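The sequence and the structure are shown first.

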Amino acid sequence: MSRTVHVDLGDRSYDIHVGRGLAIGTALAEGASARALIVSDSHVDPLYGTWCEKALAARGVESSRLVIEAGERSKSLACLKEIYGKAVALGLDRSSVLVALGGGVIGDLAGFAAATYLRGVRFLQV
């Protein structure tokens with residue numbers, strides 16, 4: 001079972017899709033770039049990293065993965081700098097997508113990076 005929660009912010013409104021088995025690519029908004037950076041940790045990436053890349057590729061989105069060490073210690077400026085560096089190296093622009101593959105530290109870190117890189121890029125929490 002899945003459900004959609006609409007966050008009404010006028011012209012900045014968005015939907016949150018919650019459920020099992022949702023197709024990642026269908027969650028990407030129209031106008032999104034064909035490039036994404038997947039940020040995950042050393043526990044989640046081995047389980048779902050390749051699956052996430054393939055799901056995005058099936059929607060025509062070229063992605064690259066950045067894996068950080070699992071744990072609270074990775075919620076740091078050093079790891080944030082690593083995300084920014086990878087985003088710059090990949091040439092991500094404001095229409096690109098930053099995907100947080102995992103929760104907790106990854107969601108916090110990738111979410112902050114997405115909100116601040118180039119004054120904000122699209123963000124997808126998986």
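The sections below describe the model, its strands, its helices and its cores.

## Basis of the model

The model is predicted, and local features are given only at pLDDT of at least 70, side-chain atom pairs only at pLDDT 80 or more, while totals for chains, interfaces and linings use all residues. Residues are numbered from 1 along each chain as its sequence is written, and side-chain values use heavy atoms, with hydrogens and water left out.

Helices (H or I, at least four residues) and strands (E, at least two) are DSSP runs, numbered from the N terminus.

Four strands make up an open sheet with parallel pairing, in the order 4-3-5-6; two strands count as paired if DSSP finds at least two bridges between them. Strand 4 and strand 6 (122-125) are the edge strands, each pairing on one side only. From one strand to the next, the twist averages 20°; axes are lines fitted to C-alpha atoms, for helices over the stretch in contact, and angles run from 0 to 180 degrees between N-to-C directions.

Five bridges link strand 3 and strand 5 in the parallel sense. Alanine 36 stands opposite valine 97 of strand 5.

## The hairpin

Strand 1 (residues 2-7) and strand 2 (residues 14-19) run antiparallel and are joined by six bridges. Valine 7 has tyrosine 14, in strand 2, as its bridge partner. The two strands form a hairpin with six residues between them, and glycine 10 in the turn has a positive phi of about 65°.

## Helices against the sheet

Helix 1 (residues 45-57) lies across strand 3, strand 4 and strand 5, at about 165° to strand 4. Helix 2 also packs on the sheet, where it touches strand 3, strand 4 and strand 5, and its direction makes about 160° with that of strand 4.

Helix 2 contains 14 residues. Its buried residues include Cys79, Leu80, Ile83 and Ala87, where buried means under 20% relative accessible area, exposed over 50% and partly exposed in between (1.4 Å probe, protein chains only). Seen down the axis of helix 2, the buried residues fall within an arc of 105°, so they line one face of the helix; the arc is that of the directions from the helix axis to the C-beta atoms. Leu77, Ala78, Lys81, Val88 and Ala89, on the other side of helix 2, are exposed. The cover over the buried residues of helix 2 includes strand 3, strand 4, strand 5 and helix 3. Glycine 91, with a positive phi near 75°, follows helix 2.

## Nonpolar cores

A nonpolar core is a set of buried Ala, Val, Leu, Ile, Met, Phe, Trp, Tyr and Cys residues joined through side-chain atoms within 4.5 Å. The largest such core has 18 residues, and Leu37, Val39, Ile83, Leu98 and Leu109 have the most contacts inside it. At least two residues of this core come from each of strand 3 (35-41), strand 4 (62-68), helix 2 (77-90), strand 5 (97-101) and helix 3 (105-116). Helix 3 gives the most, with five residues.

Not counting residues up to four places away in sequence, valine 39 touches Leu66, Ile83, Leu98, Val99, Ala100, Leu101, Ile106 and Ala110; contact means heavy atoms within 4.5 Å. Another core, of 12 residues, lies apart from the largest one and has Ile24, Cys52, Leu56 and Val97 among its members.

Terms used: Expected span 1.5 Å × (residues − 1).
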